[in-house]
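Here are some notes for your first pass through this one. Open the structure alongside and follow the points in order.

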Amino acid sequence: MVTHEGLVRRSHGVAATETMIDQRFMQEALALARQAALADEVPVGAVVVSEGEIIGRGYNQPISKHDPSAHAEIMALRDAAQHAGNYRLTNCELYVTLEPCCMCVGAILHARIAQVFFSAADAKTGACGSVVNLFADTRLNHHTEVSGGLLAEESASLLKEFFARRRK
């Protein structure tokens, strides 16, 4: 189930609204997004959570790393896989401040992430329902639950401020 307004997620067939725990993890992702902005990277941050503990952190670094795949989600997945000692991150959640793109959705699916929570929708490259919804393709062999809108205003504001400064 994907919803962008008034975050709702499905857990074992039961709808539940966002929790303080979800907000806390998204705040961690927002702190990483601010770190990206300080490095003059697009302010996107992500954390991977396993059993209530952050096991992976990442923020956008494609410019500084000269790496087009160094998106926040990919960096957090790499960090989490190292921590877990496995590229399969089953039963983990990913919290990210911007709707993932096609590349990141592919990595999320390959890692077998159980749930994705994102803040702001991305009308240009969002692959969770804004442009396309790769998570909804039933032909794929893994299915990740996705919810959008968690602390969306805070994330969108951070992005708007960043791009406004760049246009000056």
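Which side chain does Arg 34 meet in a salt bridge?

1. Arg 34 pairs with Glu 154, and the N to O distance is 2.8 Å. Keep in mind that this is a predicted model, so that distance, like everything below, is computed from predicted atoms.

2. Now see where the two partners sit.

3. The axes of H1 and H5 come within 11 Å and cross at roughly 5 degrees, which means H1 is roughly parallel to H5. On the H1 side the contact is made by Gln 27, Leu 30, Ala 33, Arg 34 and Ala 37, and on the H5 side by Glu 154, Ser 155, Leu 158, Phe 162 and Arg 165. Sorted by class, that contact has five nonpolar, two polar and three charged residues.

4. Another one joins Arg 78 and Asp 67, at 3.8 Å from N to O. With Arg 78 in helix H3 (residues 72–84) and Asp 67 in the loop between helix H2 (62–65) and H3, the pair ties together parts 11 residues apart in sequence. Arg 78 is partly exposed, as its relative accessible area is 39%.

5. Asp 137 and Arg 139 also form a salt bridge, with their closest N and O atoms 2.7 Å apart. Is Arg 139 buried or exposed? Arg 139 counts as exposed, because its relative accessibility is 75% and the cut-off for exposed is over 50%.

6. Stepping back to the whole chain: the protein has five helices and seven strands. Walking from the N terminus, the order is β-β-α-β-β-α-α-β-α-β-β-α.

7. Some totals to finish. Of the 168 residues, 46% are buried. Among contacts with a separation of 6 or more, 58% come from residues 24 or more positions apart. The accessible surface is about 8600 Å², and carbon and sulfur atoms hold 53% of that area.

Methods
Residues are numbered from 1 along each chain as its sequence is written. This is a predicted model: local features need pLDDT of at least 70, side-chain atom pairs count only at pLDDT 80 or more; totals for chains, interfaces and linings use all residues. Side-chain values use heavy atoms; hydrogens and water are left out. A salt bridge is a side-chain nitrogen of Lys or Arg within 4 Å of a carboxyl oxygen of Asp or Glu. Helices (H or I, at least four residues) and strands (E, at least two) are DSSP runs, numbered from the N terminus. Buried means under 20% relative accessible area, exposed over 50%, partly exposed in between (1.4 Å probe, protein chains only). Axes are lines fitted to C-alpha atoms, for helices over the stretch in contact, and angles run from 0 to 180 degrees between N-to-C directions. Angles under 35 degrees count as roughly parallel, over 145 as roughly antiparallel, 65 to 115 as roughly perpendicular and the rest as oblique. Contact means heavy atoms within 4.5 Å. Ala, Val, Leu, Ile, Met, Phe, Trp, Tyr, Cys and Pro count as nonpolar, Asp, Glu, Lys and Arg as charged, and the others, Gly among them, as polar. Accessible areas come from the Shrake-Rupley method with a 1.4 Å probe; for residues, only the protein chains shown count as cover.
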